[in-house]
Amino acid sequence: MSADALLPLLKSTFGFDAFRGRQGEVVGRVMAGDHTLAVMPTGAGKSLTYQLPAVALDGCVVVVSPLIALMHDQLRGARAAGIRAASLTSVDADFADTRQAYRDGQLDLLYIAPERATGEGFRSLMEARTPALFAIDEAHCVSEWGHDFRPDYRLLRPLLDAFPAVPRLALTATADKHTREDILVQLGIPAEGLILAGFDRPNIRYRVTPRLSPAKQIADFIAANPGPGIVYCPTRDGTERMAEKLAAATGRSVAAYHAGLDAERRARVQHDFVASEDGIVTATVAFGMGIDKPDVRFVAHAGLPKSIESYYQETGRAGRDGDPAEALMLWGAEDFARARMRLGELPAARVSGERARLNALAALVETVACRRALLLRHFGESPPERCGNCDNCLEPPRQLDATILAQKLMSAVYRTGQSFGAGHIEAVLTGRNDDRIASRGHDKLSVFGIVAGDEARLIKPLVRTLVAREALETTEHGGLMFGRPGAR
Ligand code: ADP
Ligand code: ZN
């Protein structure tokens, strides 16, 4: 049966008129009994690619999924669509009933955690009645190359091999080339079974801008975005302070979320957010995994994310319903300074990888070209030059050659002994006469007062750029010194 033949069922069960992106191809392979690895970005609609076959196929679709919270959300969704669905996890009390229903052929969809799927009990359940499909969600967990390796996933292979005629569908949103190849090998899926959907999320508008007064910048951003949203903050304290400030500035309901809160509180914040039409959560990156809320209208980052991958995953929580959504990132030179400082504490083997991550982020925040194009190229795609839906496409920044100013700036850093902060360097370059400068004899330097007029306003942005590029570094005391790329 081809995927198109399932369109009436797609409409009657889920209310959708068409497949989205490459869903149809994935479903087509599943229906044909072929093994498949589908790599689709968050929000692309991965779950539909096994939920629809669960309705269409005789027999039960077994879904291995590592996140119990996510599983239960999916379960509710599937049941609401009239699918006979159940789960076997450590928090399910109706274990025996579920197993009996499976044996009796009363289930379309059965969710199971990986540690349970690899046990003897589950194997004998599968032997009692052969499943129609094994779907393996978050399949990157099977690979040590992936960012979330789980040993239990490695133990799935014997189960899959025990039922060679049952098609396998591995799903993930995040897998680079290495990880993809590894998943294919680990799960016994042929290379032609790879379906790689585009990473583009055209309805998300990206904005990246220097952090000047974060609470105000984010409050202004929120004022233009009445719907629900997430504000990621770098620290636990930061989430609480930001929540207070945003609530005061916007009058909207704002809740903080971080791993330091007790489980009950976290569950409530998450539950209220999912149910709300205008709720705001200020959160550490602990928030968001496994939350199914298609109408998130904005995601803001109050500080630099950990990597382009995490930025893409976190912003990807916006606009999963396909309606316009916004992503705003605020960054400061100190974010890079701190992150580069931390490189020194890492085991040697990880330093070059982490430095590459930071450099990719530096390129993102600095670029005057299309942000989306840069992001998509990072994921190995060849996007058009301009997207028309990011800050740089919408309001192209003025560009100028700052080479001479950069030379003046570096010179001032050098001549003052590589220990003064940006404010002092700016004062020297612009020839400000104050005691601090005079007492150190900095008014006698050749760089004193060599920057004037409009150019003076470029000093601070230039410092940010040079720190992001690692041409400058900050010392422990906040002074500027020459960067030492590769020294750590
Ligand atoms: P993923 O698991 O890939 O992140 P989901 O399966 O949670 O994505 O789906 C994201 C959203 O897209 C859900 O709200 C879902 O109902 C919706 N969706 C999925 N497939 C379609 C489709 N063919 N047409 C319209 N909406 C869809
Ligand atoms: Zn663009």
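This is a predicted model: local features need pLDDT of at least 70, side-chain atom pairs count only at pLDDT 80 or more; totals for chains, interfaces and linings use all residues.
**Local contacts, ligand surroundings and overall architecture**

The backbone nitrogen of L212 sits 2.9 Å from a polar atom belonging to the side chain of Q217. Q217 belongs to helix α11, which spans residues 214–223. With a relative accessibility of 18%, Q217 counts as buried, because the cut-off for burial is under 20%. Apart from neighbours within four places in sequence, Q217 is in contact with T209, P210, R211, L212 and L330.

Stepping back to the whole protein, the domain assignment gives three segments: domain 1 covers 4–196, domain 2 covers 204–394 and domain 3 covers 403–482. The centres of domain 1 and domain 3, taken over C-alpha atoms, are separated by 58 Å. Along the principal axes, the C-alpha atoms of the protein fill a box of roughly 90 × 45 × 40 Å. The secondary structure of the protein comprises 22 helices and 15 strands. Of the 488 residues in the protein, 51% are buried. Among contacts with a separation of 6 or more, 70% are made by residues 24 or more positions apart. The protein exposes about 22100 Å², and carbon and sulfur atoms supply 51% of that area.

Several polar pairs can be picked out. A nitrogen atom of ligand 1 lies 2.8 Å from an N or O atom in the side chain of Q23. For A18 it is the backbone that takes part, with an N or O atom 2.9 Å from a nitrogen atom of ligand 1. K46 places a polar side-chain atom 2.8 Å from an oxygen atom of ligand 1. Taken alone, ligand 1 exposes 570 Å², of which the protein buries 80%.

T172 is located in strand β6, residues 168–172. The side chain of H140 makes a polar contact with the side chain of T172, at 2.7 Å. V39 is 133 residues away from T172 in sequence, yet the two C-alpha atoms are 5.1 Å apart in space.

R297 lies in the loop between β11 (280–283) and β12 (298–301), and at 17% relative accessibility it counts as buried. A polar contact of 2.9 Å joins the side chain of R297 to the side chain of D321. With neighbours within four places in sequence left aside, the contacts of R297 are N225, G227, P228, G319, D321, D323, P324, A325 and E326.

Q106 is also a loop residue, placed between α5 (95–103) and β4 (109–112). Its relative accessible area is 43%, so Q106 is partly exposed. Beyond its neighbours within four places in sequence, Q106 is in contact with R84 and A101. G59 lies 47 residues from Q106 along the chain, with 8.8 Å between their C-alpha atoms.

Which residues of α22 are buried? They are I459, L462, V463, R464, T465, L466, V467 and A468. Because eight of the 10 residues of α22 (residues 459–468) are buried, the helix is largely enclosed by the rest of the structure. After α22 comes E470, whose phi is positive, near 70°.

Conventions:
Residues are numbered from 1 along each chain as its sequence is written. Chains are lettered from A and ligands numbered from 1 in the order in which they are written. Side-chain values use heavy atoms; hydrogens and water are left out. A polar contact is a pair of N or O atoms within 3.5 Å; within protein, one must be able to donate a hydrogen and the other to accept it, and residues adjacent in sequence count only if both atoms are side-chain atoms. Accessible areas come from the Shrake-Rupley method with a 1.4 Å probe; for residues, only the protein chains shown count as cover. Domain bounds come from an automatic or database domain assignment. Helices (H or I, at least four residues) and strands (E, at least two) are DSSP runs, numbered from the N terminus. Buried means under 20% relative accessible area, exposed over 50%, partly exposed in between (1.4 Å probe, protein chains only). Contact means heavy atoms within 4.5 Å.
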